[in-house]
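Subject: Structure handover

Hello,

Here is the structure we talked about. Please open it alongside this note. My findings follow below.

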Amino acid sequence: MKRGLYLLVALALSASFSLAQEKKVVVMVAGRPSHGPGDHEFNAGIKLLQKCLAENAKNIEVRPYFNGQWPSAEDLAKADSIVIYADGGGGHPAIQADRLKQLEKEMKRGCGYVCMHYAVEVPKDKGGAEFLNWLGGYFETHWSVNPHWEAKITDLPKHEISNGVKPFQSLDEWYFHMRFRLEMKGVTPILTDLPPEGTMKRGDGPHSGNPAVRASMAKKERQHLAWAVEREDGGRGFGFTGGHYHKGWANDSQRKLILNAILWSAKAPVPADGVPSVVTADDMKANLDDKPKKK
């Protein structure tokens, strides 16, 4: 009798341990406060996504870092995916000190990689080659542009990241004409639209315009605003150019797309109808950075 009871307890503990082992670790990095109220709310955005995952994706364990803090070597080594939502360019957290080498080590073992909004931009000569490999594409200055415009997503590809995501439209600082891998090797466009002509009204500059993007727009070539890549090292990457406005996370389709992408990047199964989540007005107001009001 006792032996049978011990066996049942052992089986239960074994099953519990197995379930724990199946959890995917997602390290999420939020950048320092940036821009005005409601813009580049990296801390609040990461906390909101963390809340949605905690409530609706029990197979995910989130390890968050805020205000530009960089993850510990231990957490990086355990990560199934690393998510960065922060300012980019020369101030990108991933290119400081020896962090590209740290990330390269994790990418080589097949760790996932997700960058959102400004975090898809790094200098061409410092991070460009790595991001092209890890993410499948990135914002390259004097090639890509960053206008504010309303994207209208009317169709989505058949992909786990698109599970349950409905067509939507959203006003954001949608970057486009990204620098992608040659012949889009391994890359699947997820969000695509044709920007309006008004996005080309600015003069040429590192972020505003250049002959290549003007030629592409003249041909009415649709532009990719979010994409996924399956890498040769077995890892997965996802780039999302939106996320300038915090209010965008109230959009159910946008939020579901990102939650799905995080699971996919960590090689966790994505529900057929996508990751469900509900956010309230109070949720949207929570954890906003203390910033001076716009004049």
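A salt bridge here is a side-chain nitrogen of Lys or Arg within 4 Å of a carboxyl oxygen of Asp or Glu. Keep in mind that the model is predicted.

Salt bridges

By this rule, the count comes to 17 salt bridges.

Start with Arg214 and Asp204. They form a salt bridge, with the closest N and O atoms 2.9 Å apart. Arg214 sits in helix α6 (residues 211–218). Asp204 lies in the loop between β9 (187–193) and α6. The two residues are ten residues apart, and the pair links distant parts of the chain. Arg214 is partly exposed, at 26% relative accessibility. Asp204 is exposed, at 51%. The cut-off for exposed is over 50%, so Asp204 falls in that class.

Next, Glu140 and Lys124. Their closest N and O atoms are 4.0 Å apart, and they form a salt bridge. Glu140 is in the loop between β5 (137–138) and β6 (149–153), while Lys124 is in helix α5 (residues 124–134), so the bridge ties together parts that are 16 residues apart in sequence. Which of the two is buried, and which is exposed? Glu140 counts as buried, at 7% relative accessibility. Lys124 counts as exposed, at 57%.

Then Arg231 and Asp233. Their side chains meet in a salt bridge at 3.0 Å, N to O. Arg231 is buried, with 5% relative accessibility. Asp233 is partly exposed, with a relative accessible area of 27%.

Nonpolar cores

In soluble globular proteins, nonpolar side chains tend to be buried together. Here, the largest nonpolar core has 49 residues. Which of its residues have the most contacts inside it? They are Met116, Leu191, Phe238 and Phe240. Helix α7 (residues 252–265) gives the most to this core, with seven residues.

Leaving aside residues up to four places away in sequence, Phe238 touches Tyr113, Val114, Cys115, Leu135, Ile161 and Ile190, among others. Its contacts also include Ala226, Trp227 and Ala228. Leu257, Ile258 and Ala261 are on the list too.

There is also a second, separate core, of 32 residues. Among its members are Met107, Trp134, Phe139 and Val187.

Best wishes

Technical notes:
Residues are numbered from 1 along each chain as its sequence is written. This is a predicted model: local features need pLDDT of at least 70, side-chain atom pairs count only at pLDDT 80 or more; totals for chains, interfaces and linings use all residues. Side-chain values use heavy atoms; hydrogens and water are left out. A nonpolar core is a set of buried Ala, Val, Leu, Ile, Met, Phe, Trp, Tyr and Cys residues joined through side-chain atoms within 4.5 Å. Buried means under 20% relative accessible area, exposed over 50%, partly exposed in between (1.4 Å probe, protein chains only). Helices (H or I, at least four residues) and strands (E, at least two) are DSSP runs, numbered from the N terminus. Contact means heavy atoms within 4.5 Å.
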